[in-house]
Structure formats: C-alpha cells, structure tokens
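Here is a briefing on one protein chain. Take a look at the structure first, then read the points below.

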Amino acid sequence: MDPSVIFANLLSPSTLFFFLGFAAVLVKSDLEIPHPLPRLFSLYLLMSIGYQGGAKLAAAGLSGQVLLYVGGGMLMALAIPFAAFFVLRRILGTADAAAMAATYGSISVVTFIVGTDFLTRAAVPFGGYMVAIMSLMETPAIVAGILLWRLFGPSAPAGAATRDWRRLAHESVFNGTVYLLLGSLLIGFITGPTSAKALAPFTVDLFKGMVLFFLLDTGMLAARKARQLIEVGPKLVAFGIGAPLVHGAAGMLLAYLMGMSQGDALLFTVLSASSSYIVVPAAMRTAIPDANPGLFELLSLSVTFPFNVVVGLPLYFSVIQRVWA
C-alpha cells in the first residue's frame with residue numbers, strides 16, 4: 001500500500017474532524033453540538049446523497065449492468081450475516097450473534113459518504129447507482145439476522161412470529177433512514193440532472209460542510225462508547241477489525257467479477273466492509289429483544305468505523321488500483 005495514500009487520507013478534512021471530536025471527549029472539553037442539530041445533519045446528508053444519486057442514475061439510465069450491481073449488493077447483504085454468525089456464535093450467545101451478524105451485513109451511510117469524499121479528492125469517478133445499492137443493502141441484512149435468530153434461537157409462538165415479521169418488514173422498508181434515502185433517490189431520478197444542477201448549491205456545496213459537522217459529532221459519540229471497549233474483550237475487538245477486511249475482500253472480488261470501475265469497486269468494497277450503527281441496531285431491539293444493542297453499536301461505531309475510515313479506505317483503494325491495472 002502506498003504510504004502517501006494513507007498520509008493523504010489521515011490529513012483529509014473528514015478524518016481530521018472525526019478525530020477532533022474524538023479528542024474533545026478524551027481531553028474532557030466542554031465542546032457540544034446542541035442535541036437537535038446532529039439529527040438535522042443526518043437527515044440533510046441522507047437527502048443530499050439520495051437526490052444526487054437519483055439524478056446521476058437518471059443521467060446514466062437503468063441498464064442490465066446496473067441491475068447486476070444491485071443484485072450483487074443484495075447478495076452480499078444476505079451472505080455476510082450468515083458467514084459472520086457462525087464465527088460470532090463461538091464468542092457470543094445466539095441472540096447477540098444474530099443481531100451483530102445483521103449489523104455487519106448491513107452498511108454504514110457515513111462510511112459511504114467518507115468513501116465518496118475520498119474518491120472526489122482523488123478525482124476518481126463513480127456511478128450514482130451506488131446510492132441505490134447502498135439503500136437496498138439495509139433490509140436484506142435485517143431479514144437475515146431475524147432468520148438466523150428464528151433458526152438457531154429459542155422457538156417463539158407462530159402467531160407472535162407472524163406479527164413480528166409484519167412489523168419488522170414495515171420498519172425495514174419505512175424506517176426513516178431507508179425511507180428518506182429511497183424517496184430522495186426517486187425524486188432525483190424523476191427530476192433528472194437539469195434540476196440537480198439548479199439545486200447544486202444546496203445539495204453539493206453545502207454538503208461538504210455538513211459532512212464535517214456530522215463527523216465531528218460522530219467522533220465525540222465514538223469516543224464516549226470507546227471507554228466500554230475494555231468490557232468487550234479482545235476477541236470481539238479483533239472481530240471488529242478482521243470482519244471489514246474479510247468482508248471487504250469478498251466485496252472487492254465480486255466487484256471485479258461484475259466488471260465494476262475502480263470508483264464503483266471502492267464504494268462496493270466499502271459497503272461490504274462497513275457495518276450499521278444506526279438502522280440495524282434499532283431494528284434488532286425489536287426483532288431480537290434478548291440481544292444487547294449496546295454491544296454491537298459499540299463495536300461497529302468505535303472499532304470498525306474508525307478502522308475503515310483511517311486504514312480501510314486507502315488499503316482497499318491501493319489493492320483495487322493494483323488489481324484493476
């Protein structure tokens with residue numbers, strides 16, 4: 001891996017603002033972002049990337065190749081939880097293993113955003129359809145986690161299971177994050193690139209600053225949870241670092257076989273390597289009440305997310321450049 005790529009990534013505004021927030025908690029600074037604002041940042045970023053992705057998708061068109069990529073993304077979102085579950089069951093109970101497997105089968109929107117910023121700085125193009133793939137990779141992982149719990153956990157009454165499935169199906173599709181992403185994507189697709197150009201000051205220019213505020217807040221949140229890592233144990237911490245490497249390698253191989261460009265391949269790899277710390281943990285609280293949501297939120301946010309942002313992105317990109325060349 002080219003050390004200059006790592007160095008450039010470490011000195012990028014995205015990474016530095018994340019660590020600025022992380023350090024603020026460590027040094028006990030009184031820095032605080034008022035509570036409603038982080039939610040506003042999150043909603044804005046979801047709307048912006050969804051809209052931009054829809055506009056790019058409208059410009060590129062829905063081809064058989066794009067549908068192949070979407071199918072590949074959903075395949076990864078289903079396969080990763082099953083593979084991760086049988087590893088995690090050696091460390092955790094069935095409930096926690098199933099919930100964490102779903103968490104690692106799903107994706108991190110913030111990691112995806114940092115990945116797009118990485119490619120933009122490197123002047124590497126990528127397709128707007130990658131936003132659609134990201135949006136569609138949430139639900140299969142949730143379904144896989146529930147299925148694993150149903151197959152290997154204690155049996156539940158049939159009526160209760162049916163009610164759970166219906167409620168969870170609704171929550172998976174109409175969850176605020178998924179709903180806003182897909183809705184914005186659809187609006188961008190319908191209105192097309194002409195409207196997107198007119199909205200660029202709001203959806204593109206403002207986006208860069210909002211990302212930095214969001215990562216500052218994410219850094220503070222990660223640092224607060226990092227204090228609990230001692231209680232997690234070395235095996236789970238090792239999983240939090242090893243899982244993105246294994247899952248990312250599998251995603252990279254599939255991207256190569258599907259014939260993705262370098263930019264698309266990096267984002268596909270990042271989606272495969274990342275893990276959810278917002279949508280899936282919230283869904284798992286309802287789906288698997290015996291699981292400990294703090295456990296997989298902690299590992300995803302305080303171990304896997306920083307690893308992917310600091311080390312993973314330049315590592316994956318360096319490998320892709322060598323293999324694709």
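D117 is partly exposed, because its relative accessibility is 26%, which lies between the 20% and 50% limits. The model is a predicted one.

**The salt bridge**
- Side chains of opposite charge can pair when their charged atoms come close.
- D117 and R121 both sit in helix 6 (residues 109-121), four residues apart, so about one helical turn separates them.
- R121 is partly exposed too, because its relative accessibility is 38%.
- The count of salt bridges in the model comes to one.

**Overall fold**
- The protein chain has 16 helices and zero strands.
- Of its 325 residues, 53% are buried.
- Take the contacts between residues at least 6 apart in sequence: 89% of them join residues at least 24 apart.
- The accessible surface of the chain is about 14,100 Å². Carbon and sulfur atoms account for 69% of that surface.

**Helix 4**
- Helix 4 covers residues 64-88.
- Its 25 residues should span 36 Å at 1.5 Å a residue, and the end C-alpha atoms are 36 Å apart, so the two values agree.
- Its buried residues include V66, Y69, V70, G72, G73 and M76. A77, I80, P81, A84, F85 and L88 are buried in helix 4 as well.
- The buried residues of helix 4 pack against helix 3 (36-60), helix 5 (94-105) and helix 7 (129-136), among others. Helix 8 (138-152), helix 13 (234-258) and helix 14 (262-273) are also among their packing partners.
- L67 belongs to helix 4. L67 counts as exposed because its relative accessible area is 54%, and the cut-off is over 50%.

**Nonpolar cores**
- The largest nonpolar core has 67 residues. M130, I133, M134, M260, L266 and F268 have the most contacts inside it.
- Helix 11 (residues 200-226) gives this core its largest share, 10 residues.
- A second, separate core has 30 residues, including M100, A102, I142 and L299.

- H247 lies in helix 13. H247 is buried because its relative accessibility is 8%, and the limit is under 20%.
- Leaving aside neighbours within four places in sequence, H247 is in contact with M76, I80 and A84, and also with Y104, S272 and A273.
- S184 lies in helix 10. S184 is buried, with a relative accessible area of 6%.
- Not counting residues up to four places away in sequence, S184 touches L46, M47, G50 and Y51.

**Nonpolar surface patch**
- L62, L67, L186, F189 and I190 form a nonpolar patch on the surface. Together they have about 520 Å² of accessible area.
- Helix 10 (residues 176-198) supplies the largest share of the patch, three residues.

Conventions:
Residues numbered from 1 in each chain as written. Predicted model: local features only at pLDDT ≥ 70, side-chain atom pairs only at ≥ 80, totals over all residues. Heavy atoms only, no water. Patch = residues over 30% accessible without salt bridge, like charges linked within 9 Å, V, L, I, M, F, W, Y side chains within 5 Å. Areas by Shrake-Rupley, 256 points an atom, 1.4 Å probe, with all protein chains shown as cover. Salt bridge = Lys/Arg side-chain N within 4 Å of Asp/Glu carboxyl O. Helix = DSSP H or I, 4+ residues; strand = E, 2+ residues; numbered from the N terminus. Buried < 20%, exposed > 50% of the residue type's maximum accessible area, 1.4 Å probe, protein only. Contact = heavy atoms within 4.5 Å. Expected span 1.5 Å × (residues − 1). Core = buried A, V, L, I, M, F, W, Y, C linked by side-chain atoms within 4.5 Å.
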